[in-house]
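Subject: Structure for you to look at

Hello,

Please find below the structure that I said I would pass on. My notes on what was found in it come after.

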Amino acid sequence: MNDALIEMHNVEKVFLTDEVETHALAGIQLTVKKGEWVAIVGPSGSGKTTLLAILGLLDTATGGTFLIDGKPVLDLSPTDRAHVRNRHIGFIFQSFNLIGDLTVFENVELPLTYRGMPAADRKKRVEDALARVGMSHRARHMPGQLSGGQQQRVAVARAVAGDPLILLADEPTGNLDSKNGQAVMKLLSDLHQAGSTLIMVTHDPAYARLATRTVSLFDGRIVEETGSSAA
Amino acid sequence: MDTLLRDLRYAVRGLRRTPAFTISAVIALALGIGATTAIFSVVQGVLLRSLGYPDESRLVWVTAEERGLNWHNGPLSAPEVMDLRQMPELEASGAFRRKTAALQADRAERVDVALVSHGFFETLQIHPRYGRTFTAAEDLKGNDGVALITWNAFRRRYGMDPSVVGKSVTLDGIPRQIVGVLPDGFSYGGQRDYYLPFGWTQEDVNVARGFRYLEVIGRMKPGVTLDGLHRALKTFGDRLIHEHPNNYPAEFDWALSASPLRERFVAASREPLVVLFAAVLLVLLIACANVANLLLARAAQRGRELAVRAAIGAGRVRIVRELLTEGFVLALFGTLLGVLVAEWGLSALIATAPREIRDLASVRLNGAVLGFAVGLSFLTTVAFALVPALRASKIDLASSLKGGTTGAHATRLRSLLVAAQVAISLVLLAGAGLLLRSFARVLATSPGIDPEGAISAVLSPAGPGYDNDAARLAYFQRALQAAAAIPGVQVAGAGMSIPYDGRLTEQTYTIEGYALRAGEPNPTDIMRLVMPDYFAAIRQPILRGRAFSAADDAKAPRVAMVNEAWVRRYMPGREAVGARIRIDDGPEGEERPFRTIVGEAADTRELGLDKPAPPIFYLPAVQHIAPGMTVVVRGKVSPSQLREALSAVDPTQPVDRVQPLTATMEASLSQRRFPLQLLECFAVLALLLSAVGIYGVTAYAVAQRTRELGVRLAIGATGGQVLRLVLGRALVLALAGVGIGVALAAGGARLISSQLYGVSAADPLTYAAVIGLLGCTTLLASALPALRAARIDPMTALRAE
């Protein structure tokens, strides 16, 4: 039985700007199995964030094949892509990206409302998620009333509330001080221990070492893979 | 439902957190929706609303036309009304004429009444609430001592006591028995208190075929079409001509015609109202463009938030729905405030509207109008919120989540919207400008009199004491003496009517020695009966000969005067003084003497300042007694002094319309002033909204380009150069709008060409002024953001990411 959650074959991304072709990604071969924690590293401009955007269906590849849980996703309609993002992918951004008009509870609840989940179920899931990140006591607060570390924990809660197949984290500690950064990484580590599949972009080698596998990018190509691909 | 409520809650919360945006958008929408709803109230009340009579489609307005004189929609005579009752195509028909009457109650009061024939209410299928309507016998003198009261009078004057039926009311000195109370809501061509029978004599209904003064309505039998009725009226008219050839000279080419009764009320109002409605829709369009622009800017600011929503699974439809919900919330508040604006605007509108806008006082915000406002709100929401929502939902997720800026598309769309606003503003400003220039030309036209410092009052003596010429003349003479005796009065005169009061009497007459062309009828012109010092009182210059004097009394030789237009028409290049004219009507056998023209007065533009002066001839009121007179006094005297003095002559007779002559002039201009004032309001509103739009786009552009402008400043650009850069861009935007607007305005100006006077629809001065005004507005609106741009601290800007 194939337990690969993500399979990428020869994925490429070409940007066209004023007749100039920029190859952001080329020949990407990547398989991520259930329960893996993959760190994507590389210098600025190496294509880390582009790769993560394609993995999260925020952007589309211009070539190759890409399967999530065995299903091709490159040719999905925008609506179907939104559907996959909502049910199968959880995002954690460097800049938290919480919605300032909504309370902590409502931010975490938002993806579940898009899913059409009944209110009672939503409430339970949100409370569970907030409890997992230790933010239950801030449920009625607005994001502006929280510290950076707290906001990122809420963002993690929002990412995990829908019980996604994969968690994507883009420099999750980039906007945090070291203490809060470590706390967030501890949280991700706990999630991984609990069985979550994580793909994380990071600059920090120390955090990359927490992952089970590290994929190094340079000029849009995977130049090195370290660690085991076993879950 | 849960989702909808949540979307609504989020929308309200989001709007509360951005009060500047919310207030700007709601005000723009409220002004647009309010102005449109107010004008629609008038359109609905005047043009669209049912007249309120059962089976209205069968009601017709029967008129006479004399194609030989190019005269249409004319009245009928009493014998013709009687004849019409024989037409098998008409189920019923009736005659109507408005007038005023002196109500002798606690104090003399002039009230609006209507004379109607038997068949009038039957034609309209109006049944009295109490009592009955008039019988055929009551059409005739001797049986006409009856009256119907309207619901308004029943409520206001009689305390809604049904026992009023059978009681007596004295009008014009004649006691009449109230025989019925008309139902609530009934009106015909305006509000009044009493309906009375005509009280025709046998001569009126049998002989006076040429005395046409009756408005006639009819109800077609079921199955009869308007075309069918036209054919029947042609046959019927031909029969009348055949039977009474003397009353229908072939050269007049007399015929009967019919049109839907609605035309009687709305024909004159349709064109100005349609133009105004089109204008106000343009204002609404600008308001929508403004709000759309604000929403685009807001969507750009919320780009990252929308991207997050999309990233966590919100589909495009979902995002559009959320943004539309916000639009609907804005529209809801805009509508609520707009209805208040409409209510206020409507009151102001009614206060300034000319009386010709039928029943305007009864126009109000009703269910249909509110329905329109809600529908409008829905449509505007779709108009202003859908495009920004669709655009905002097309998110470049990867870029937006990194904090990237919106693309050039949104900026281009916003610029396009502002250019459109400028274009529409130019159309409205050009329209208002052309009407304003026309109005200035009209005001600059000499009226031929001097209204400053003169006051007038209308006397219409009625009742048993005034049923003969001598009594009325004596009353007028006493009134004139009383007016002249008021301390401060320099001169007092009187005329059957005065210039610009809208009351004109036409008379057919003969000019001695004037050769009529083959088939040309005797001239029919405006006749004015005046008392001595009339010309001095209104300061109408006498150009040749003399004015009437006290010596031109009943025993003196018959005399007349004419105006310049009369001379130009009938005796060009010749001396009119000394020529003779003869009035051709009067009882059979009575002497019809020639009257010698003794003087020529300057022209007065009786048909309107924007129309050529018509030929007028004047007769001394002592030689040809009028039923009523307008007294004019000049000097240091107040209206109340004049009223008091005239009332003292006979306290049983009302003294009406006591007002300065300037007010009479003003009222005559209301038909022209009304659309001008409204169009001016709309144009100013459009200009303000456009200014807000230009400001918004410029301010947003500056905010977006802060870093770029900082770089420019860092590498040596001066503040002035940056200022010019920003202002230049705003001007280019406005210029694009001006280009489109001039083309649109050139087409739109044709709609109002009939209301222009002395100005062409392509008047270059107006367009230049409007373009200059828009240029100044653009500079003012963009000055603040431009100054802000010029003062950017390069270091701060470069640090800002």
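First, the conventions. This is a predicted model, in which local features need pLDDT of at least 70 and side-chain atom pairs count only at pLDDT 80 or more, while totals for chains, interfaces and linings use all residues. Residues are numbered from 1 along each chain as its sequence is written, and chains are lettered from A and ligands numbered from 1 in the order in which they are written.

The two chains

Chain A has seven helices and ten strands, where helices (H or I, at least four residues) and strands (E, at least two) are DSSP runs numbered from the N terminus. Of its 231 residues, 49% count as buried. A residue is buried if 20 or more other C-beta atoms lie within 10 Å of its own, exposed if 12 or fewer, and partly exposed in between, with C-beta atoms placed from the backbone. Chain B has 23 helices and 23 strands, and 46% of its 801 residues count as buried.

Two residues are in contact if their C-beta atoms, placed from the backbone, lie within 7 Å. In chain A, 69% of the contacts with a separation of 6 or more are between residues 24 or more positions apart. In chain B, 83% of the contacts between residues at least 6 apart in sequence join residues at least 24 apart.

Where the chains meet

The contact between the chains takes 20 residues from chain A and 21 residues from chain B. On the side of chain A, the elements that give two or more residues are α2 (78-88) and α3 (104-115). The residues on that side divide into eleven nonpolar, four polar and five charged. Here Ala, Val, Leu, Ile, Met, Phe, Trp, Tyr, Cys and Pro count as nonpolar, Asp, Glu, Lys and Arg as charged, and the others, Gly among them, as polar.

The core

In soluble globular proteins, nonpolar side chains tend to be buried together. A nonpolar core is a set of buried Ala, Val, Leu, Ile, Met, Phe, Trp, Tyr and Cys residues joined through C-beta atoms within 7 Å. The largest one has 193 residues, and the members that touch the most others are A:Ile40, B:Val283, B:Val291, B:Leu428, B:Phe682 and B:Ala686. Helix α8 (residues 261-301) of chain B gives the largest share of this core, 21 residues. Another core, of 60 residues, lies apart from it and has B:Leu76, B:Leu124, B:Ala153 and B:Leu214 among its members.

What does B:Val283 touch, leaving aside its neighbours within four places in sequence? B:Val283 is in contact with B:Gly32, B:Ala35, B:Phe682, B:Leu685 and B:Ala686.

Helix packing in chain B

α8(B) and helix α19 (residues 670-704) of chain B have axes 10 Å apart and pack at an angle of about 15°. Axes are lines fitted to C-alpha atoms, for helices over the stretch in contact, and angles run from 0 to 180 degrees between N-to-C directions. The angle makes α8(B) roughly parallel to α19(B). Angles under 35 degrees count as roughly parallel, over 145 as roughly antiparallel, 65 to 115 as roughly perpendicular and the rest as oblique. The contact of α8(B) with α19(B) has 22 nonpolar, five polar and no charged residues.

Helix α2 (residues 19-48) of chain B also packs with α19(B): the axes come within 12 Å and cross at roughly 160°. That makes α2(B) roughly antiparallel to α19(B). B:Ser24, B:Ala28, B:Leu31 and B:Ala35 of α2(B) make the contact with B:Phe682, B:Leu685, B:Leu689 and B:Val692 of α19(B). By class, there are seven nonpolar, one polar and no charged residues in it.

Single residues

Most residues other than glycine have a negative phi. A:Asp163, which is not a glycine, has a positive phi of about 55°. A:Asp163 sits in the loop between α5 (148-161) and β7 (166-170) of chain A. Is B:Asp533 buried or exposed? B:Asp533 counts as buried, with 21 C-beta neighbours inside 10 Å. Phi of B:Asp533 is also positive, near 70°.

Regards
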